[in-house]
Amino acid sequence: MSTYAQKKGAGAVIWDFLTTVDHKKIAILYLIAGGFFFIVGGLEAMFIRIQLAIPDNNFVSAGVYNEILTMHGTTMIFLAAMPLVFAFMNAVMPLQIGARDVAFPFLNSLGFWLFFFGGVFLNLSWFLGGAPDAGWTSYASLSLASEGHGIDFYVLGLQISGAGTLIGGINFLVTIINMRAPGMTYMRMPLFTWSTFVVSALILFAFPPLTIGLFLMMFDRMFGANFFDHTMGGNTVIWEHFFWIFGHPEVYILILPAFGIFSEIFATFSRKRLFGYSSMVFATVLIGFLGFMVWAHHMFTTGLGPIANAIFAVATMAIAVPTGIKIFNWLFTMWGGSIKFTTPMLYAIAFIPSFVAGGVTGVMLASAAADYQYHDTYFVVAHFHYVIVGGVVFGLLAGTHFYWPKMFGTMLNEFLGKISFWLFLIGFHLTFFIQHFLGLMGMPRRIFTFLPDQGFETGNLISTIGAFFMAISVIVLLINIIMTSVKNEKVGNDPWGDGRTLEWALPSPPPFYNFKQLPLVRGLDAYWLEKMEGKKGMTPAEPLGDIHMPNNSFIPFVISLGLFIAAFGAMYRAEHSWGLPVLIAGMLVTLLSMLVRSVKDDHGYHIHKEDLIDDNDKGVKA
Amino acid sequence: MKRLAKWRLLPLFAVMALLAGCGEPFLSALKPAGEVAQMQYDLMLLSTAIMVGVIVVVTIIFIIVVTRFRRKNDNEIPKQVEGSHKLEMIWTIIPILLLLILAVPTVAATFKLADVSPMEKKGEDGKTEAVVVKVRANLYWWEFEYPNEEILTSQDLVVPTDEKVYFELKASDVKHSFWIPAVGGKMDTNTENVNKFWLEFDGKASDEAGSLFYGKCAELCGPSHALMDFKVKALPRDEFDQWVAAAKAVKEPKQAETAQAQAGQEVFNNSCIGCHAVTPANSTPEQARMGPNLTDFGNRSRVAGVLEHNEENIKKWLKDPEAIKPGNKMTGKYNLSDEEIDAVTEYLMGLKVQ
Amino acid sequence: MHADEKFTYETWPAAPERATLEAKNKFLGFWFFLGGETVLFASLFATYLALKDKVPTAEHHLAKDLFEMPLVFLMTMLLLTSSLTSVYAMYHMKNFDFKKMQLWLGITVLLGLAFLCLEVYEFNHYVHEFHHTFTSSAFGSAFYALVGFHGGHVAFGLLWIVALMVRNSKRGLSLYNAPKFYVASLYWHFIDVVWVFIFTVVYLMGMVG
């Protein structure tokens, strides 16, 4: 028995997760934290729907409603969808390219802890005088006028977690370029890996404008600067530009990994190679590229003038083309296939019409002149929930069911999975379809109440009922997770039986070094190719040898903690004398721990060949 | 799966049925009541038609796929197809053509809606032929200034029907957005620059809507964003001219008639006049116009933009504005007894320009 | 090649900054990081251009009143020279000449420090002579944000290089620390390039009016 897989106490497990640099454990951390924030954001959504169930409702007050709607959007995008996407990228991508870990395991851990502390900081606002209340877009004039510290929490929390995301993006880019297994050429990479690659590039170029926007906001609110104060020469439209130069790529950052997950699922459960693989890759890259050219379609009514509006309208419409290519390629992947309706496949199948509905309203919104009507109404709310829930959330739920056995070694219950699928699907359409019409009938978004006799009653009530379906569905999913975790029936390498890519050639969950010997990749769907030739596993590309592994480290946690402390100092600097010392102390904690990391040599360690042979006999039998 | 597929078609029919007209005529973008709204509605119909076409194609393939290609036998291995250049060309080129069909009228409409040249054509007196309204959005109330007529009003916008009305939009505190759904799309009121656009109010549609369109703020602006409503009285040209003449005739604050109203006027002059003017002249600077102009208050359609216009509601509003519009700027600026509120209410109800 | 291997002049690889997988990752990752930094600075440049000379009242000084060529030119020369000296340092690193590398890095640090001192003097000058501060106008905010952000990068770069020099002073070169020196010099070049743009966009274009 090797020393690496001993039974540990609870304290040791926690310490292990606090210090881990293993991409699979970090994936689990992202999944848990993202799942937690998903539930928090979901509760906020339920409060919104309850408040709007009937006209003139008093469930929450106007000010609190604005806080809830802001935190719902911010939480769902930054603290739920992003980390959940990162969970799957971390869990699957290194396995798919045949790597033993990501390029920078230390930075991977740092990225997680930055996100986590940023998210906790943001949510502490509820207990420390009120949450941000200017919408997740936090447009400058309103967010500067907002009293209390809500917006400060938003600015600092997102700054910290955004830094974590940026680090993650760079890490994945380098991993995919440098760490692919022998034979894993770019055009043999699974589509989920491709979408991770493109998304990481988007993160690299989209997050810095947000960083700057948040910096400017922070300086304006906390240090007396005047970037957005028009009486001092400032200009609030700068914020709008920065926010959307980030914000539009951001939605592709969320949807492309979902596309990647669906591509894997369609191919797997149709038992068919992805139709038009190269054009799928091309479409992914093109969507990523065009994603940077269209931000001003969020600002059609800002008054940029007809030339800008027309250019951005046409550019936006162009995105429909690569997206359409993808939809048809998925359909034709299934065409002639052998479709098995597992829970992940049900989500994937339901995704197509749901996402098409969201996509076509996207084209309608792109039509600038007509958008003057849609803009900032429930039509927009319906549109982006169709693409984000119908696309991203379906993708994440599909991915959860699909990759659960690979991450945890046990399957989720299929029966409960299908129940939660149907509840979610029905609830989703019930909630959001009607909102298109509410918008067209004159209901602006972000209103805490509506008055009777304007024709909004029925639609809102239906929408609220739908939301309850989704809530029940998530509860069923949670029950499913708890039940199956308690039972913990172990599964083998390829529990779905139709696995195509490298991760299914490994035990579930894989050993911490992933591949004992790096596999030789001979084509797209590498594992499928071997299976079709009657082989049980991958052909190794190297003789058995020592494996170099990185050491665990507590430093990422401390670096993030330092920024977390400094953020409190920055926020309370103006009104409390302890603010400035705390700000400096926090920054010192961060900088000193960075220095420690820098001057302390960390060469990692080696797993010796003999231990690996040992493992083969006793340990991870599949 | 079949059930699922049929169920999918339902929304399609619903789109058709609902787009054909729903919502209230005074509020719904689906009941266009003017040239701008009509152009936008036509674009909506065009894009919906194209998109429904796309949805139909996807749905047909979708239904075939999920019904015909279910796994029947656990050992079957389908043929591994790489792709098809011909098919891929088809679903690249056809969408491009469809988008062009939408893009051309979109661009044309975008430019047409942005054409505010009549606003720039000023005569020697600095006035324009076209009707111009300067809209100033404030935390939860709207001010409408008529620079040609040199008057202003608040909350109830008065415009002539069947001609283009040009708007200059601006916010005095935070960003808002000016939107009259039935008459046309919105435009933001920014804090640092003036936005310009035009609308046209259709006479016939105005009659159907009871000459009163609902206007809304469409940009989150604070707690009472949902309540930042205004109303639009769209009048035939001659009635509009009469209203303008009547308003211009008010040079001095209108004197109260009854004893109680006179008492109210006194209270008003002591407690309220610092923010609220009762003459319509636009000569005071913007910064001094801190509250809605009340010259035509007696003719308003709503109290505070949201409550039905009657004495009871005025009293309710004056007593505790915070309960009605959280975060408004009037709360706590005055201290009136119940009797004083009654008196002021009576006085306010008498403020009418015609 | 392992990171802890001992080397001589003869066995030292031609590209020590990319000789191990860790080094390759670091090298590539750092280039991506610089890509992100480029967008960061581009955003600040955009902000500056949008808010240049945007002041609340006529009493405030504009770009054309503030900047003086001799000082800025001297600063530019210092930073450009420091970039050149860091190239020498990397040349000696590749030739496994640790002492000379340290020497040239030392010169780089001194030049960078001189630049930073002049920048502090410059800011001080604007604040006291012209009352042009971070909070006096949108122009002031944008100017100090852009130039100050660059100055912060210079300061961080100095600390970084000094930390590397001190830490490795007794240990000499290895494949473990060679990529560290290399990316630090890469960072220094990047800061230099950004300054060239600041010199052009802020100072030259500012003086023209």
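Here are some questions and answers on this predicted model.

Q: Which chains share the most contacts?
A: There are 2 pairs of chains in contact. Chain B and chain C are not such a pair, since no contact joins them and their closest C-alpha atoms lie 12 Å apart. The pair that shares the most contacts is chains A and B.

Q: Which helix gives the most to the side of chain A that touches chain B?
A: Between these two chains, the contact takes 76 residues from chain A and 80 residues from chain B. Several helices of chain A give two or more residues to that side, among them H3 (62-96), H11 (343-366) and H14 (414-440). The one that gives the most, with 15 residues, is H10(A).

Q: How many residues on the side of chain A that touches chain B are nonpolar?
A: Sorting that side by class gives 27 polar and 6 charged residues. The remaining class, nonpolar, has 43 residues.

Q: Are helix H6 of chain A and helix H1 of chain C parallel or oblique?
A: Helix H6 (residues 150-178) of chain A and helix H1 (residues 21-51) of chain C have axes that come within 9 Å and cross at roughly 135°. An angle over 145 degrees would count as roughly antiparallel, and 65 to 115 as roughly perpendicular. The angle here therefore makes H6(A) to H1(C) oblique.

Q: What is the handedness of the crossing of H6(A) and H1(C), and how many charged residues does their contact hold?
A: H6(A) passes H1(C) in a right-handed crossing. On the H6(A) side the contact includes Leu166(A), Ile170(A) and Asn178(A), while H1(C) brings residues including Lys24(C), Phe32(C) and Gly36(C). By class, the contact residues divide into 9 nonpolar and 4 polar, and the number that are charged is 1.

Q: What pattern does chain C follow along the sequence?
A: The C-alpha atoms of chain C fill a box of roughly 65 × 30 × 25 Å, taken along the principal axes. Its secondary structure comes to 6 helices and 0 strands. Read along the sequence, the pattern is α-α-α-α-α-α.

Q: How far apart are the C-alpha centres of domain 1 and domain 2 of chain B?
A: The domain assignment of chain B gives domain 1 (2-68 + 84-113), domain 2 (127-249) and domain 3 (259-349). The C-alpha centres of domain 1 and domain 2 lie apart by 32 Å.

Q: Which helix gives the most to the side of domain 1 of chain B that touches domain 2 of chain B?
A: The contact takes 14 residues from domain 1 of chain B and 18 residues from domain 2 of chain B. By class, the domain 1 side has 9 nonpolar, 3 polar and 2 charged residues. Giving the most to that side, with 4 residues, is helix H2 (residues 35-68) of chain B.

Q: What percentage of residues 128-246 of chain B is strand?
A: UniProt, in an unreviewed entry, lists these residues as "domain: Cytochrome oxidase subunit II copper A binding". The end C-alpha atoms of the span are 21 Å apart, and 13% of it is helix. The strand share is 50%.

Q: What percentage of residues 90-111 of chain B is helix?
A: An unreviewed UniProt entry annotates "transmembrane region" at residues 45-69 and 90-111 of chain B. Residues 45-69 are 96% helix and 0% strand. For residues 90-111, with end C-alpha atoms 32 Å apart, the helix share is 100%.

Definitions and conventions. Residues numbered from 1 in each chain as written. Chains lettered and ligands numbered in written order. Predicted model: local features only at pLDDT ≥ 70, side-chain atom pairs only at ≥ 80, totals over all residues. UniProt positions renumbered as here; feature names shortened; annotations may be inferred. Axes fitted to C-alpha atoms, helices over the stretch in contact; angles between N-to-C directions. Parallel < 35°, antiparallel > 145°, perpendicular 65-115°, else oblique. Left-handed = near helix turned anticlockwise from the far one by under 90°. Contact = placed C-beta atoms within 7 Å. Nonpolar A, V, L, I, M, F, W, Y, C, P; charged D, E, K, R; others polar. Domains from an automatic or database assignment.
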